Amino acid sequence: MRMYDIIAKKKHGCVLSDEEIKFFIDGYTSGSIPDYQASALCMAICFKGMTDEEAAQLTFHMMHSGDTVDLSALPNTADKHSTGGVGDKTSLIIAPTAAVLGLSVAKMSGRGLGHTGGTIDKLESIPGFRTTLTSEEFMSQVKNIGVAIIAQSGNLAPADKKLYSLRDVTATVDSLPLIASSIMSKKLASGAETIVLDVKYGSGAFMKTPEDATHLAEVMVNIGKANGRKMCALITDMDKPLGKNIGNSLEIIEAVEVLRGESKGELYDVCVALISNMLSISTGISYAEAEEKTKDAIDSGRSYKKFLEWISAQGGDVSYITENKLPVGKFNDVVAADCSGYIAHLDAECIGSAACALGAGRVTKDDSPDLSAGIIIEKNVGDYVQKGETLATLYTSDSTKLESAKKAILSCIKYSDKQPESNPIIYKTVY
Ligand code: URA
């Protein structure tokens, strides 16, 4: 078999066989297939696509390119994955709540890159929190308290790691089968029986329309089911940031507000829908019953108690949570509205980039983010503002970053004379 023929076959829009896909993944992982041939194939896939069967085979071989985690010793294992967004702190609420409801959450998460944040960076803003545990510590913590979240291990789906870096620099990230196989290879290798996906659409997401996000969700749900997992996906709005806080410690603060019952709204609604689906498909109870249990877990304060237990089990100093003293940037400033009107659009990608410019994100993989930097959005889509009113508050450890971030935020906002219609936060659920 020759890589040249596989590239030519896909260039002509033909369907690759399982053996050809395996040959590519094995050869690229071992180094016998060079980057230039792998990037030519990725580009051909971008233009010609893949059948759902090819995407499932690609996922399977990427999943088996490295370690797979065996969670069979734990009951009702469940995981969630979001396709990336701005202000998305749902894992911090979902993980302890799912544990309260009897699910085992043995979760591996990533770090942020570009305009989207990563759960691991957020957790590291809690002093003492350990994002690396030995596999014995990881398993025994989940057995004892139902939840652990650690940084993704180096040898999970190494084919994806190599391929994703290559796609990043060859303009081949935005291909539906490549995104689906990349995400699902890591999720399947992480071992959970039940996987709930939050597939975002809008300006801050890979998929710009709800229809494209639905198609991506269907492909991923089918890949998971073909590999024996219980699956569902929510399609949610990422045209504007989720919730009001963007930035690592600021997002922990907002998640804690939801867990303490101090804040409801779209963030709460998305979390309730994700957890209820997770519980329902994992245990077979109806969605209505699962939703009642989920709301009760959060509203009764049991999820908050579990959150503190989890943070403490991983070495985090919970006094930073209970005494509200998580670090926020020592320099702050407000962004004032430059005209009066309804906020018609608050571009998620643009806001994410402004948070990044304040220091909250990474521009390259090796950057260390300022965990205390970020933005609190005070006025959101649909709100009426008077010229001069505060739209957002900015935080950073570097005062020289404030002026340009203020200008950047103003460029993210569009005003209207009429109250805009708002999109429902959840577009649909794919089973
Ligand atoms: N996230 C991933 O892990 N892979 C992709 O291809 C896109 C988003």
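**Notebook: the ligand site and the open sheet**

I began at the ligand, where one of its nitrogen atoms is 2.6 Å from an N or O atom in the side chain of S182. I noted that the model is predicted.

I then looked up two further polar side chains at the ligand. In R167, a side-chain N or O atom is 2.9 Å from a ligand oxygen. In K186, a polar side-chain atom lies 2.4 Å from an oxygen atom of the ligand. I also checked the ligand's surface: taken alone it exposes 240 Å², and the protein buries 90% of that.

Next I listed the residues around the ligand, which are Y164, R167, I179, S182, I183, K186 and F206. I sorted this shell into four nonpolar residues, one polar and two charged. Helices α8 (158-169) and α9 (176-189) each supply at least two residues of the shell. I recorded that α9 gives the most, with four residues.

Which strands form it, and in what order? I read four strands in the order β1-β4-β5-β13, forming an open sheet with mixed pairing. The edges are β1 (78-82) and β13 (426-430), each of which pairs on one side only. Neighbouring strands are turned by 15° against each other on average, direction ignored.

I looked at one pair in detail. β1 and β4 (residues 194-201) run parallel and are joined by five bridges. T194 in β4 is the bridge partner of A78.

Last, I located helix α12 (residues 266-283), which lies across β1, β4, β5 and β13. I noted that α12 runs at about 150° to β4.

Technical notes:
Residues are numbered from 1 along each chain as its sequence is written. This is a predicted model: local features need pLDDT of at least 70, side-chain atom pairs count only at pLDDT 80 or more; totals for chains, interfaces and linings use all residues. Side-chain values use heavy atoms; hydrogens and water are left out. A residue is near a molecule or strand if one of its heavy atoms lies within 4 Å of it. A polar contact is a pair of N or O atoms within 3.5 Å; within protein, one must be able to donate a hydrogen and the other to accept it, and residues adjacent in sequence count only if both atoms are side-chain atoms. Accessible areas come from the Shrake-Rupley method with a 1.4 Å probe; for residues, only the protein chains shown count as cover. Ala, Val, Leu, Ile, Met, Phe, Trp, Tyr, Cys and Pro count as nonpolar, Asp, Glu, Lys and Arg as charged, and the others, Gly among them, as polar. Two strands pair if DSSP finds at least two bridges between them. Axes are lines fitted to C-alpha atoms, for helices over the stretch in contact, and angles run from 0 to 180 degrees between N-to-C directions. Contact means heavy atoms within 4.5 Å.
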